[in-house]
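Please have the sequence and the coordinates open while going through the points.

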Amino acid sequence: MTSGMDTSNRETSMDGRILDRLFEVVASRKGADPASSWTAKLRAEAPELPGRKMAEEATETLIDALGDDRQALTAEAADLIYHLLVVLVSRGVKLEDVWAE
């Protein structure tokens, strides 16, 4: 799954601010055509579809966490984080509020 973010310069783009940038990308998909954007489709069917997808990814992450496949765990963790961000955006929760907790 890709976010549409430029990650060509991984050393400077993959720091702690990546979640903030991805959050903004997810938020920017509001009003986009669901036929052309997975994020827009998730947001159009919120909170049910993104919630279900987040639960599915959480289960897959747990399964891979109990196994030995580091790459599979990494991929599932990325999917889980993405779907969590979609849920947060869809429900109007800001990352600053999450960080404050």
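The numbered points below move from the overall fold to individual helices and residues.

1. Basis of the note. This is a predicted model, in which local features need pLDDT of at least 70, side-chain atom pairs count only at pLDDT 80 or more, and totals for chains, interfaces and linings use all residues. Residues are numbered from 1 along each chain as its sequence is written, and side-chain values use heavy atoms, with hydrogens and water left out.

2. Overall fold. The protein has six helices and zero strands, in the order α-α-α-α-α-α along the sequence. Helices (H or I, at least four residues) and strands (E, at least two) are DSSP runs, numbered from the N terminus. Of the 101 residues, 27% are buried; buried means under 20% relative accessible area, exposed over 50%, and partly exposed in between (1.4 Å probe, protein chains only).

3. Contacts along the chain. Contact means heavy atoms within 4.5 Å. Among contacts between residues at least 6 apart in sequence, 49% join residues at least 24 apart.

4. The nonpolar core. A nonpolar core is a set of buried Ala, Val, Leu, Ile, Met, Phe, Trp, Tyr and Cys residues joined through side-chain atoms within 4.5 Å. The largest one has 11 residues, including Leu22, Phe23, Leu42, Leu49, Tyr82 and Leu95. Helices α2 (18-28) and α5 each supply at least two residues of this core, and α5 gives the most, with five residues. Leu88 also belongs to this core; leaving aside neighbours within four places in sequence, Leu88 is in contact with Phe23, Val93, Leu95 and Val98.

5. Helix α2. Leu22, Phe23, Val25 and Val26 are the buried residues of α2. Seen down the axis of α2, these buried residues fall within an arc of 160° and so line one face of the helix; the arc is that of the directions from the helix axis to the C-beta atoms. Their cover includes α3, α5 and α6 (95-100).

6. Helix α4. The 18 residues of α4 (residues 48-65) should span 26 Å at 1.5 Å a residue, and the end C-alpha atoms are 25 Å apart, which agrees; the expected span is 1.5 Å times one less than the number of residues. Buried in α4 are Leu49, Pro50, Lys53, Glu57, Thr61 and Asp64. They fall within an arc of 100° seen down the axis, so they line one face of the helix. Arg52, Leu62 and Ile63 are exposed on the other side. The cover over the buried residues of α4 includes α3 (38-44) and α5 (70-90).

7. Glu57. This residue of α4 is buried, with a relative accessible area of 5%. Apart from neighbours within four places in sequence, Glu57 is in contact with Glu76, Asp79, Leu80 and His83.

8. Thr39, in helix α3, counts as buried at 11% relative accessibility. Not counting residues up to four places away in sequence, Thr39 touches Val26, Arg29, Tyr82 and Val86. Pro47 lies in the loop between α3 and α4, and a cis peptide bond with omega about 5° joins Ala46 and Pro47. Most peptide bonds are trans.
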